Each structure stands twice: as C-alpha cells, then as structure tokens.
Amino acid sequence: MNTPSFECFDLDQTVRSIASAAGVGEQQARAAIELLEDGNTLPFIARYRKEATKGLDETQLRLIEDALAKAHELAKRKSTILKTIDQLGQLTPALRQQIEQCDDKIVLEDLYLPYKPKRRTRAAMARERGLQPLADLLQKQQPLRPSRTEAIRPFINPENEVPDEQAALAGACDILAEQWAEDVQTRSWLNEQAQRFGRIHSQVKRGKQDEAEKFEMYFDHEEAASRIPSHRLLAMKRGEAEGLLKVSLKLDEEIVLRKLKSRLSLNHQFELHSLLEQTAEDCYQRLLLPAAESTLLQERKEKADEEAIQVFSQNLRELLLAAPAGPKVTMGIDPGFRTGCKVAIVDGTGKYLESTAIYPTPPRSDIDGATRTLKQLMERHQVELIAIGNGTASRETDAFVTTLLKDWNSQHKDQPPVLKVVVSESGASIYSASELAAREYPDLDVTVRGAICIAHRLQDPLAELVKIDPKSIGVGQYQHDVNQSQLRHGLDREVQSCVNMVGVDVNMASSSLLAHVAGIGPKLAEKIVEHRDEQGRYPSRAALMKVPKLGKKVFEQAAGFLRIRDGKHPLDNSAVHPESYHIVESMATQLGVETRQLVGNESLVSKLKAEEFVTPECGLPTVVDILAELAKPGRDPRSEFRVAQFSESVNEIADLKPGMILEGVITNVTKFGAFIDLGVHQDGLIHISELADRYVSSPSEVVSLGDIVRVKVLEVDVQRKRIAVSRKQA
C-alpha cells in the first residue's frame with residue numbers, strides 16, 4: 001500500500017511568488033533560490049555570482065532569502081495539517097486542494113481550525129450530549145415539524161445533562177456559534193473589518209496607575225490599527241507584558257453585528273429567529289472578536305517587530321561601519337568615581353601595552369597625580385589618541401582630559417596634536433566579563449579589559465564590536481520586546497554583511513571577527529586562529545586549505561573576503577576571488593607586465609577593456625569588479641575618521657540655553673527622530689519634524705548613526721533631563 005505524499009513545496013510557484021513580491025525577474029529569483037538552496041551565503045552571491053542573478057544586490061537577496069524561508073515554513077505547516085486531517089479520515093480532494101493552494105498562513109490556520117484538536121469547548125460538550133442534529137436543524141432555519149416541541153423532544157435527556165427544551169436549545173446554539181466562528185470566509189471577513197476599521201485601545205489595569213507611570217500616555221489611548229506607529233504599539237505591548245496595561249481591539253459593534261447577521265442570512269420568518277440572533281451576538285463576542293483581535297494584534301506586532309528590527313539593523317550597520325581611527329597608539333580610559341579611572345594603552349595593532357588607575361574625580365580628586373601619570377604614559381608610548389568611555393564619571397573625566405591636552409599640545413607644538421574622543425561603552429562591561437575577554441586577557445582585571453575595549457572601539461569599531469552581542473550595543477528601539485529569533489537573525493546578517501564588505505586580515509583578526517566571514521562560523525574561526533598560532537602567519541589564501549574542516553565549499557565562500565597582507569600572491573590582499581586570478585594574469589600578459597605590477601596601478605588598469613576578458617565562466621559584471629579592485633585594491637569602504645568639536649563652554653545640561661548653535665554626534669536613530677550627543681552626557685532629541693526644512697518620512701533619510709551635525713537648542717528641561725534641538729537654521 002502506497003503512503004500518500006504530503007510534500008507541499010512547489011518550486012515553480014515559489015519562484016513566481018517571490019519574484020513578484022521582491023520586484024525581480026523570475027530567472028533572477030530562480031537563480032538566487034538555487035544558489036541559496038545550495039548553501040551559498042548572501043555576501044558571496046551578491047559579490048561573486050552577479051552573472052547568475054543578473055546583478056541582484058544584497059538587499060534584494062535578503063528579501064528573497066526571507067521569502068524563501070517563509071515559503072519553506074508554510075509548506076512544512078501545510079504538510080503537517082494535511083497529514084493530521086488525513087489521519088482523522090476527513091481529508092477530501094476539495095479540502096486538500098484548498099490547503100495546497102493556500103498562500104496565507106492565517107487562512108491556512110482557519111482552514112485547519114475545524115479539525116484541530118481542541119480543549120473541551122461548550123460546543124464539544126454539547127456534541128457529546130447528542131445535540132449536533134439539533135444544531136443542524138437550527139442551521140437550516142426551516143419550520144420545525146411537526147412542531148417545535150415535537151422536534152426538540154428527542155434531544156431531551158436528563159441523564160445526559162439535557163433536562164429540558166431550554167438546555168437542548170442552549171447546547172445546539174453553542175454548536176452553531178462555534179460552526180459560524182470556524183467558517184473560513186466569515187473569519188476572513190471579520191479580519192478585513194478589523195484591518196480597515198479597527199482601533200487599538202490601551203487601558204491601565206485597575207490599581208496599577210502608580211506602577212504604570214511611565215506608560216501614562218497609554219492609560220486610555222486609542223488609535224486606528226491601520227495607522228498605529230510601530231514604536232507606540234511596542235510600548236503598549238510592553239506595558240501589557242509587565243501586567244500594567246490591557247491592549248484590545250475596538251470595532252463599531254452595532255455596524256459589525258448588523259453585517260454579520262446579514263452574512264449569516266438569518267431568516268426573520270424562522271420561529272427561533274430571536275434565539276439565532278442572540279447566538280450570532282454570542283458568536284461575535286465570545287469567539288469571533290477575540291480571534292480577530294488576536295490575529296490583528298499578532299499581525300501588527302509582527303509588522304512593528306520588522307520595523308523595529310530594521311531600525312536597529314540600520315543603526316547597527318552605521319555603528320559597525322563607523323570611521324576607524326586607524327593604527328594609532330591609543331589610550332583608553334574607563335571613567336569612574338570611587339574606584340577611579342582605569343587607563344590602558346594599546347599600540348597601533350591593538351596590542352595591549354600597559355595599564356594603571358588614576359583618580360581625577362571625587363571623592364579623591366587627585367588632579368595632580370592623575371595629570372602626572374597620564375603625561376608619563378603619553379611620553380613613554382607616544383600616544384596619539386585618547387578614547388574616553390561615556391558612562392559614569394565621563395563628563396568629569398572628559399573635562400579633566402580636556403584641560404590636560406590643552407597644556408600637552410601647547411608644549412608639543414612640533415608634534416601632531418593628541419585628540420580625545422568620547423566613545424560609547426555600551427556592552428563593554430558585558431564583553432569585559434565574558435569568556436572571550438578572559439581568553440584574550442587572562443591575566444588582566446575586568447576593569448582593565450573594559451579600558452582596552454574602549455581604546456579598540458576607537459581604533460577599529462567593527463573589529464571590536466563584533467565581540468559583543470548586538471543587543472547590548474544600545475542602538476535599538478524596544479529590542480527586548482521584539483521577536484528575539486528574528487532580531488538575532490537580522491542583526492547577525494547585518495554584522496556578516498559589514499564584516500565581508502570591509503574584508504578581514506586573516507593574520508590579525510580575532511576568532512570573533514573571522515566567525516562572521518561568509519561560510520566560516522564560530523567553530524571554524526577558532527580552528528583558523530589555532531592553526532595560525534601553531535604554524536605561524538598564513539603566507540597565502542591557498543594555505544587556509546590546510547586548516548582542519550576547511551573544505552572547498554567554505555574556501556569558495558570565504559576566500560574573497562579574507563586578506564593576506566604582504567603574502568606570496570599579490571591578489572591575496574584584494575577582493576579579487578582566487579577563482580578569477582587567471583583573468584588578472586591574462587590582463588597582465590596582454591600588457592606585458594607581471595601581475596604584481598598591475599595591482600594598484602590605475603594608469604595600467606585604465607588601458608584594459610573589460611569586454612576583452614569576458615568568458616563563459618566570467619561575465620562582464622565580474623570583470624568590471626576586478627578592474628575596479630585592481631585600480632584600488634583592498635580599499636576600506638568606511639568614511640574618513642573625524643572628531644566632533646564640542647563647545648568648551650558647555651559641559652553639563654545646565655550650561656545649555658535655547659538658541660545655542662552646537663556641533664554633536666548622532667547616537668541613535670528611531671522612527672520618531674534622532675538622538676544627539678552634545679558633550680553634556682545627556683543625549684538631546686531631534687524630533688522628526690526638526691530634522692530638515694522639508695518633510696521627512698523617516699529620520700534615516702537625512703541622518704545616520706555617527707554623523708556629525710550642527711543643531712540649534714530649542715528647549716532644555718534640567719529637572720527631567722530632556723533636551724530638544726533642531727537642525728533647522730543651525
């Protein structure tokens with residue numbers, strides 16, 4: 001006997017659906033799907049398989065990857081549902097076709113609902129009492145023969161908990177209400193009503209006013225479900241999760257009930273018409289409305305999650321791609337009061353050199369001792385940059401270092417001035433206490449590791465920030481309230497994109513950084529570092545093949561994003577993939593030069609015509625990329641390092657006055673505006689309406705994390721620590 005197949009993944013249908021949703025051609029979608037299904041990574045496909053996808057960029061590939069994952073998930077759910085209904089012996093050809101052709105997960109669950117195992121509902125108990133035939137009679141709405149009493153009498157059975165006619169009708173109506181509530185078309189109709197006309201209402205729970213003060217604006221708040229901003233819905237849902245608010249769906253009950261009764265075609269001539277009307281109302285209040293509310297809030301929450309994750313991902317990307325200060329000797333200072341400021345020096349490669357503690361802040365306020373110590377360190381190690389963490393005691397430490405540098409730079413005018421930068425230390429304490437930090441600096445105190453982390457963040461934000469859980473970096477919006485698996489996936493993908501975009505020096509990188517290179521992952525990254533520690537630096541990309549478990553597929557995915565400085569092959573320090581080295585060799589041969597002479601020589605590269613090197617395996621897009629890389633090999637795509645010039649007369653929030661024009665650094669971008677560091681250790685808010693002289697639909701249109709901008713102070717509330725500023729006329 002053949003076992004029926006319930007495989008529901010249709011590749012052709014998936015290709016058509018994804019191509020339409022992503023706005024790409026079907027051939028492009030099919031090529032991308034096949035590459036993804038074959039285990040290729042997004043960065044690799046975007047960079048090195050442009051011919052196959054006809055130039056799809058990483059954003060388009062992400063849409064396809066996400067849609068493909070949803071298609072697999074939906075197909076898997078369809079298979080489970082078909083198997084379950086088949087085991088019940090109720091899978092008809094028509095129902096099977098409905099399920100197989102369904103492309104909406106909500107409708108799919110509605111189709112499954114009548115067959116889904118349930119807890120003992122009122123309708124289920126009524127069926128156990130033999131009242132299903134009576135419910136069927138009521139459903140027909142035809143005259144009861146020979147009479148109402150005679151028609152109902154067979155269902156009355158005191159031993160079966162149906163003592164009289166009233167009990168029989170009540171049970172039959174419970175069955176009818178559930179049948180109406182499980183009708184796919186009725187549920188879809190009410191979901192549509194909720195989407196179009198529903199309002200989301202939040203209300204403070206009785207007796208929770210004092211606890212819920214931070215949610216005060218949501219104590220009795222209502223707005224259209226179709227227009228509610230993601231940040232407000234997430235705030236409401238957070239209040240509900242904390243047991244302080246109740247969030248619900250509001251519909252115009254009178255209108256909806258009138259439409260519902262019309263849909264159910266209630267016969268006014270039927271002798272039990274009034275009872276069926278009551279049943280319709282019960283069906284709506286008890287079953288349909290809660291289901292519609294759950295569906296709507298789930299959909300809106302999913303949309304809000306996607307928007308919040310998108311904002312978080314964009315902010316994270318801008319932070320990771322922030323301009324690196326570069327290979328300069330850097331002093332990292334982790335400020336503190338009672339325990340003092342921990343100071344660590346790292347050289348241009350990031351190697352730890354020395355650490356100490358100073359006490360320029362209360363309660364000790366040893367300014368002279370701290371000044372003497374720092375100057376000795378600066379002299380001994382030729383310090384070029386000072387990175388100050390922005391946490392506790394940062395303002396006081398910053399003021400102290402400002403005074404010190406005025407004196408130092410005036411005394412060393414023959415040298416480049418030492419610069420100071422206040423850097424975010426979000427997540428630094430988490431890294432400092434992590435197993436990774438303990439492995440990197442086993443003999444150092446947690447606080448010293450924190451100072452090293454702060455210094456590294458200035459030298460190369462990307463290389464340091466990949467060591468920290470992205471959620472701990474502090475550039476998100478309600479990051480603890482959104483779907484955590486989606487958040488993790490979104491942020492990990494952003495980190496991977498940034499790391500591969502910049503490229504990684506395989507002989508310098510930590511395992512944390514290598515883990516994000518396309519195709520590698522944490523375990524293999526550790527093996528790469530172990531092999532490097534045991535055998536010495538890698539002389540070439542090809543030498544990576546000697547690493548245990550690093551096979552051809554991994555090498556194919558990763559090689560183009562790994563760099564070997566001063567290696568055996570001149571192209572190993574470029575983004576040219578080893579599979580295309582022979583193309584460059586052909587170019588060099590045509591010009592009569594060595595490959596090494598061609599790399600970085602723009603005048604030579606300009607003599608080459610891309611069309612002449614196209615082959616069946618290597619198309620024009622790849623050749624164009626190769627020529628661009630040869631002209632400027634290993635170019636860092638990040639912007640040039642620049643320091644914001646904070647006003648020396650403004651050190652704390654009380655120093656701010658309306659009308660002041662100041663320079664600051666964008667620290668966070670949300671849906672409603674952007675936050676800016678003005679050097680007073682309390683971020684100001686640039687509301688979306690104050691970001692530009694024109695209409696701005698999204699703050700990310702005009703500002704990005706790390707941007708240095710000029711603003712005008714509008715309002716200052718010292719007591720509530722709120723600063724409102726504007727970019728208009730600044």
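**Salt bridges and a helix crossing in a predicted model**

K214 is exposed, with 61% relative accessibility (buried means under 20% relative accessible area, exposed over 50%, partly exposed in between, with a 1.4 Å probe and protein chains only). This is a predicted model, in which local features need pLDDT of at least 70, side-chain atom pairs count only at pLDDT 80 or more, and totals for chains, interfaces and linings use all residues. Residues are numbered from 1 along each chain as its sequence is written, and side-chain values use heavy atoms, with hydrogens and water left out.

The side chain of K214 meets that of E242 in a salt bridge (3.5 Å, N to O); the term means a side-chain nitrogen of Lys or Arg within 4 Å of a carboxyl oxygen of Asp or Glu. E242 is partly exposed at 40% relative accessibility. The structure holds 46 salt bridges.

Another salt bridge joins the side chains of R493 and E65 (2.7 Å, N to O). The two residues are 428 apart, R493 in helix α22 and E65 in helix α5 (helices are DSSP runs of H or I, at least four residues, numbered from the N terminus). R493 is buried, at 12% relative accessible area, whereas E65 is partly exposed at 24%.

E178 and R127 also pair through their side chains (3.0 Å, N to O). E178 is buried, at 9% relative accessibility.

E178 is also among the α11 residues that meet α15 (contact means heavy atoms within 4.5 Å).
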